[in-house]
Amino acid sequence: MKIGASTSNLYPMQTEDALGALLSLGFRTLEVFVNTESETSPAFANELRRRAQAEGGEILSFHSYTAGTDPYLLFSAYRRRFEDGKEHYRRLFEAAALCGARYLVIHGDKEGGVLPEEEVFARYEELYDLGQKAGVTLLQENVVHFRSADPGFLRRMRAALGEKARFVFDVKQCARCKLEPEAVLDAMGDALRHVHISDQSADRDCLIPGRGNNDYRSLRGRMASCGFDGVWILELYRDNFRDLSDLEEGRRYLERLLNN
């Protein structure tokens, strides 16, 4: 199993420098967290791809800095704002494609959003179709305080959108939602395409793998039952570890555990 990492681990380090740091730690599969609009430019995307390929790496996925504000940008009652939001996502999809990325992660609408679910799904489908034009697949992540925190919402999304409903599983978000991973994975089923991994303990919901209580072999088995055998991306935050070498330690722990 491959273990990759997100540049978001090193925020607020500049995105290209974070990519370089992860490559120097031995990570060869990366997620790029785009932190500002200028980082969606073709020139910036081409530079990220060049740096990754120079070290034998690949960029698997993108994640936008607008994730927290997408409920306002994409899922408000003001349709024109959604049209402008689609333009932002068009640039993201095109940048992701230039980097060679297959996926773009979205948080979606917040809990208690103003739109009926049917309209939320319809707008998601428009974004999904926009991504497909660039050859990039939009993925819905399970996130606390968003509609996607509810496994029932994920099931209804699959029922409404069929093959256009594709998902990212984030284990720390399960902990924050006070859900067992199985509940979320069951809802995602064979639509699971991408994973954000970390460790958890009784009092910490985001730790370097190996420093908490997660049963990763069991977790991998449950994902395999969904048909998933892809990359796990380490996604923490800078205050969840002390040294950059801690990320390498977490990767090596998972590689030893899951590849033996």
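This is a predicted model: local features need pLDDT of at least 70, side-chain atom pairs count only at pLDDT 80 or more; totals for chains, interfaces and linings use all residues.
Modeller: A residue is called buried when its relative accessible area is under 20%.

Biologist: What surrounds His107, leaving out residues up to four places away in sequence?

Modeller: His107 touches His63, Ala67, Gln140, Glu141, Val143, Phe146 and Ser148.

Biologist: What makes the pair His107 and Glu141 a polar contact?

Modeller: The side chains of His107 and Glu141 are joined at 3.3 Å. The cut-off for such a pair of N or O atoms is within 3.5 Å, so the pair qualifies.

Biologist: How do you know whether Ser64 is buried or exposed?

Modeller: Ser64 has 1% relative accessibility. Buried means under 20% and exposed means over 50%, so Ser64 is buried. Ser64 belongs to strand β3 (residues 58-64). Among the residues that Ser64 touches are Phe33, Val34, His88 and Tyr89.

Biologist: Which side chain forms a polar contact with that of Ser64?

Modeller: The side chain of Thr66 does, at 2.8 Å. With a limit of within 3.5 Å, that distance meets the cut-off, so the term applies.

Biologist: Now the helices. Why are α6 and α8 called roughly parallel?

Modeller: Their packing angle is about 10°, and the axes are 8 Å apart. Angles under 35 degrees count as roughly parallel, and the label therefore holds for α6 and α8.

Biologist: Which residues bring α6 and α8 together?

Modeller: Pro151, Leu154, Arg155 and Arg158 of α6 meet Ala183, Val184, Asp186, Ala187 and Met188 of α8. Sorted by class, this contact has six nonpolar, no polar and three charged residues.

Biologist: Which residues of α6 are buried, and what do they pack against?

Modeller: In α6 (residues 151-161) the buried residues are Pro151, Gly152, Phe153, Leu154, Met157 and Leu161. They pack against α5, β5 (137-141), β6 (167-170) and α8 (181-188).

Biologist: What makes Asp150 a cap on α6?

Modeller: A side-chain oxygen of Asp150 lies 2.9 Å from the backbone nitrogen of Gly152, at the N-terminal end of the helix. The polar-contact limit is within 3.5 Å. After α6 comes Gly162, with a positive phi near 60°.

Biologist: Why are α2 and α4 called roughly parallel?

Modeller: The axes of α2 (residues 42-54) and α4 cross at roughly 30° and come within 8 Å. The class takes angles under 35 degrees, so α2 and α4 belong to it. Their crossing is right-handed. On the α2 side the contact is made by Pro42, Ala45, Asn46, Leu48 and Arg49, and on the α4 side by Ala95, Ala97, Leu98 and Cys99. Seven of these residues are nonpolar, one is polar and one is charged.

Biologist: What is the hand of the crossing where α4 passes α5?

Modeller: That crossing is right-handed. The axes of α4 (residues 79-99) and α5 (residues 117-134) cross at roughly 35° and come within 9 Å. The contact includes Phe82, Tyr89 and Phe93 of α4, and Leu127, Leu130 and Ala134 of α5. By class, seven residues of the contact are nonpolar, one is polar and seven are charged.

How values were computed
Residues are numbered from 1 along each chain as its sequence is written. Side-chain values use heavy atoms; hydrogens and water are left out. Axes are lines fitted to C-alpha atoms, for helices over the stretch in contact, and angles run from 0 to 180 degrees between N-to-C directions. Helices (H or I, at least four residues) and strands (E, at least two) are DSSP runs, numbered from the N terminus. A crossing is left-handed if the near helix is turned anticlockwise from the far one by less than a right angle, and right-handed if clockwise. Contact means heavy atoms within 4.5 Å. Ala, Val, Leu, Ile, Met, Phe, Trp, Tyr, Cys and Pro count as nonpolar, Asp, Glu, Lys and Arg as charged, and the others, Gly among them, as polar. Buried means under 20% relative accessible area, exposed over 50%, partly exposed in between (1.4 Å probe, protein chains only). A polar contact is a pair of N or O atoms within 3.5 Å; within protein, one must be able to donate a hydrogen and the other to accept it, and residues adjacent in sequence count only if both atoms are side-chain atoms. Angles under 35 degrees count as roughly parallel, over 145 as roughly antiparallel, 65 to 115 as roughly perpendicular and the rest as oblique.
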